[in-house]
Amino acid sequence: MARPGRRRRRAPAVALVGPAVVVLALLAVVPIAGAMWTSLHHDLGLGDRRFVGIDNYGALAGDSAARGALVFTLIFVGVSVPLELGLGFGMALLMHRALAARGALRALLLVPWAIPTVVTSWMWLYIFDGDRGILNYLIFGANTQDYVTFLRHTWLARGAVIVADVWKTTPFVALLILAGLQSIPREVYEAARVDGASRLRQFVSITLPLVRPAVLVALLFRTIDAFRVFDLVYVMTSGRAGTSVLQYLGYQRLINESDYGMGSALAVVVFLLIGVVSVFYVRFVGAALVRGEGRA
Amino acid sequence: MRLHRNARPPRPRGAAVVVLFVVLGAIAACGGGGDDGRELHFLFWRQHQPEPLERAIQAFEAAHPDVTVVRHIGSENVSDYYRELTTKLRNQDPDVDVFFMDVIWPAEFAARGYLAPLDDRVGAAGRDAFFPAPIRANTVDGTLYGLPFSIDVGLLYYRTDLLEAHGFQAPETWDELLAQADAILAARPDADLYGYAGQFDRYEGLICNVLELLAARSGSLVGPDGRPQVDTPEVAATLRWIRDELIHNPAVPRRASDYLLTAKEQESRDMFLRGDAIFLREWPEAWKIVNDSARSAVAGRVAMAPLPAFPGGAPAGTLGGWQLGLAAHSPRQDLAWTFVEHLTSHDVQARLAIERAQAMARLSIYDDADVLDAMPHFGRPGPWGRPLEDAAMAAVPRPRSVRYNALSERLQRCFHEAIRLPDSDIPALLRDCAAQVAELGDGTTGAP
């Protein structure tokens, strides 16, 4: 009795979901599989395409440029994402408090986020410039002989790229967390006050658990994005002084050198890194999210 | 749309479509001038001063009234232009019949089959009419694939007022240059002045700067077997000289600012324009800028000379410049060739030299009275004879390679790491770099 009915309902379901699956397959699965397949080939676009198995990945493992790019990519993710989350959280709390000009504040906050990354990169390049940059002026004034070429020193150049990224994307984190804060019902705090909970107690027991979903979403977005950093490095340092990242190296190999196999291998490495991080987040953090919501 | 569909029966709509096609067909026929061979697509990079080249193109259109040159303007950034151009050539885009290419590209482009051979169009006399170095750069396995348009060569610009105050002539050796810089700097202890400005950022310009210093001590990036060589005593000595004598010398810190490690042409030139550098290594086109009093604080107090040599070496400047290539896939190669002949003719080259202050590739313009009137430095007699022509005659080419960009990237990384910090391990860097270059293998053919 129930079976024909269910089948009749399944047909339109397939018809409705099918196009989306096809589009997704064409837009995502096919190109990704294509890149993976290309990464198993030697191909300089000279009619020399041949299957080489995982040789490209072996070459990458032995390539000091690739290892250097991997190291700074991990440093970049590991430093910039916690900074952005910490600062973003603080900014969100402040904006949540500020009752007077919250709308204006929020709009102002969006400015760094709204500026194209390439423009941000140029701006910070000029700020850190070793010849007449404003940072040098703020530190040394007119003593131009003391000016420091920040972007030639390994850790100063790396720091400069991270600072520029934090400046640009902290507002994004702050807005996500602010939305989370504003979704916490006021009644919960009122009930806590009635029960005599201190401010700190309210923050630890109410604010933190309830805003966690928003924080985790911000974390996921920022981590994935940070692995894909390219523009800042391209404009600010061209990869000099230990600031090359995987995506920049991939661009060099693929676009500048027409090394399709190696460039694809680098893209696949970034894809896999992001994949591992995403699976980790979805498995562990996502599960925690669901549990957190259950409790709420 | 919907209103029409409801208001009208379908038949008139079909008729309208037919009329539309007829009209469109007529327009297309008019637009094509009835002859589809009369449109020529020219891809070039965005010019700093667009007018001179534009006038040269208009002159061609005036001489060929039935031809329209469609201008495709690419990026002014060389790497971006390379990407745009190679994408079009790879896809056999009909939007490119004739194009500018950098002097380091013909080997790769020829191997990829992008370029139409020019041997049937240019004889021996035709080749001899241009500087020999760019002609060699355009010749791959004995076949000519491009015609030189302009020539670039590394030159030494110097402040005549500062040198004359100490009774100095343009330095003929690098040791002399350093000694002059030290003496001038010692006499001006608190001035905001540095000795030398060049381009030592990690980019193609670094290869040019290192190569000319290497060639000035008779070193080469190409070994006797025709393959690129990196791990040689001369390369190590050159990098050590840049690091220890020029940039990181605690005894004379003002010989060169470590800012040069992040400087490309504009950054180094800006120092010189402000009056903060005694010597500047730049290309010929900088002449107009350093002598433009609206932009330069040192206008009129600058002279140029070939770059110095080391003892036992000869003065050397790296070869640069733009070539004209014909797209192998173009169905309009004869027309495109007429255009190339026009742009490389004596009259057009002379006018471009005057209007752009650029060193053009045809030799005869260096004897043209009008050019020498307007650009006396193109042929001015002096201790160096004709500084620009002399330097261009002795220009040093970069290694030739089908995988030049890949080779250059490995060299840039190694060279920059070698000079960036005072305590770099140059032998280890060169060993690592040589291994990476060897791994590029089959695509790298060497011999310039």
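Guide: What follows goes from label to value to conclusion.

Guide: One caution to begin with. This is a predicted model.

Visitor: What makes up chain B?

Guide: Chain B has 19 helices and 13 strands. Of its 448 residues, 50% are buried. For contacts in chain B with a separation of 6 or more, 72% are between residues 24 or more positions apart.

Visitor: Why is B:Cys208 called buried?

Guide: The cut-off is 20 or more other C-beta atoms within 10 Å. B:Cys208 has 25 C-beta neighbours inside 10 Å, so it counts as buried.

Visitor: Where is B:Cys208 placed, and in which helix?

Guide: B:Cys208 sits in helix 10 of chain B, residues 204-215.

Visitor: Which residues is B:Cys208 in contact with, leaving aside its neighbours within four places in sequence?

Guide: They are B:Gly154, B:Thr318 and B:Gly320. The test is C-beta atoms within 7 Å. B:Pro94 gives another reference point: 114 residues from B:Cys208 in sequence, and 34 Å from it in space, C-alpha to C-alpha.

Visitor: Why is strand 3 of chain B described as largely enclosed?

Guide: Count its residues. Strand 3 covers residues 98-102 of chain B, and 4 of the 5 are buried, so the rest of the structure largely encloses it.

Visitor: How do you know that strand 3 of chain B pairs with strand 1 of chain B?

Guide: Pairing needs at least two bridges. Strand 1 (residues 39-45) and strand 3 of chain B are joined by 2 bridges and run parallel. B:Phe42 has B:Val98 as its bridge partner. B:Leu43 stands opposite B:Phe99.

Visitor: What joins strand 3 of chain B to strand 13 of chain B?

Guide: 5 bridges, with the strands running antiparallel. Strand 13 spans residues 322-326. Here B:Phe99 stands opposite B:Gly325.

Visitor: What is the strand order of the open sheet of 5 strands in chain B?

Guide: The order is 2-1-3-13-6, and the pairing is mixed.

Visitor: What makes strand 2 and strand 6 of chain B edge strands?

Guide: Each pairs on one side only. Strand 2 is 68-74 and strand 6 is 147-148 in chain B.

Visitor: What about the open sheet of 4 strands in chain B?

Guide: Its order is 9-10-8-11, again given with mixed pairing. Strand 9 (194-197) and strand 11 (302-306) of chain B are the edges, each pairing on one side only. Neighbouring strands are turned by 20 degrees against each other on average, direction ignored.

Visitor: How do you know that strand 9 of chain B pairs with strand 10 of chain B?

Guide: Strand 9 and strand 10 (residues 277-282) of chain B share 3 bridges, in the parallel sense. At least two are required, so they count as paired. B:Ala197 stands opposite B:Leu280 in strand 10 of chain B.

Visitor: How is the packing of two helices described?

Guide: By the angle between their axes and the distance between the axes. Take helix 11 (residues 233-247) and helix 18 (residues 404-420) of chain B: their axes come within 8 Å and cross at roughly 35 degrees. The crossing is right-handed.

Visitor: Which residues make that contact?

Guide: Helix 11 of chain B gives B:Leu239, B:Ile242, B:Arg243 and B:Ile247. Helix 18 of chain B gives B:Phe415, B:Ala418 and B:Ile419. By class, that is 6 nonpolar, no polar and 1 charged.

Visitor: What are the domains of chain B?

Guide: The domain assignment gives domain 1 as 39-152 + 320-390 and domain 2 as 155-317 + 401-443. Their C-alpha centres lie 28 Å apart.

Visitor: How many residues of domain 1 of chain B are in contact with domain 2 of chain B?

Guide: 16 residues of domain 1 of chain B, against 14 of domain 2 of chain B. The domain 1 side divides into 9 nonpolar, 3 polar and 4 charged.

Visitor: How many residues does the contact take from chain A and chain B?

Guide: 20 from chain A and 23 from chain B. Helix 11 of chain A gives the most to the chain A side, with 3 residues. That side has 6 nonpolar, 9 polar and 5 charged residues.

Terms used:
Residues numbered from 1 in each chain as written. Chains lettered and ligands numbered in written order. Predicted model: local features only at pLDDT ≥ 70, side-chain atom pairs only at ≥ 80, totals over all residues. Axes fitted to C-alpha atoms, helices over the stretch in contact; angles between N-to-C directions. Left-handed = near helix turned anticlockwise from the far one by under 90°. Contact = placed C-beta atoms within 7 Å. Nonpolar A, V, L, I, M, F, W, Y, C, P; charged D, E, K, R; others polar. Domains from an automatic or database assignment. Buried ≥ 20, exposed ≤ 12 C-beta atoms within 10 Å, placed from the backbone.
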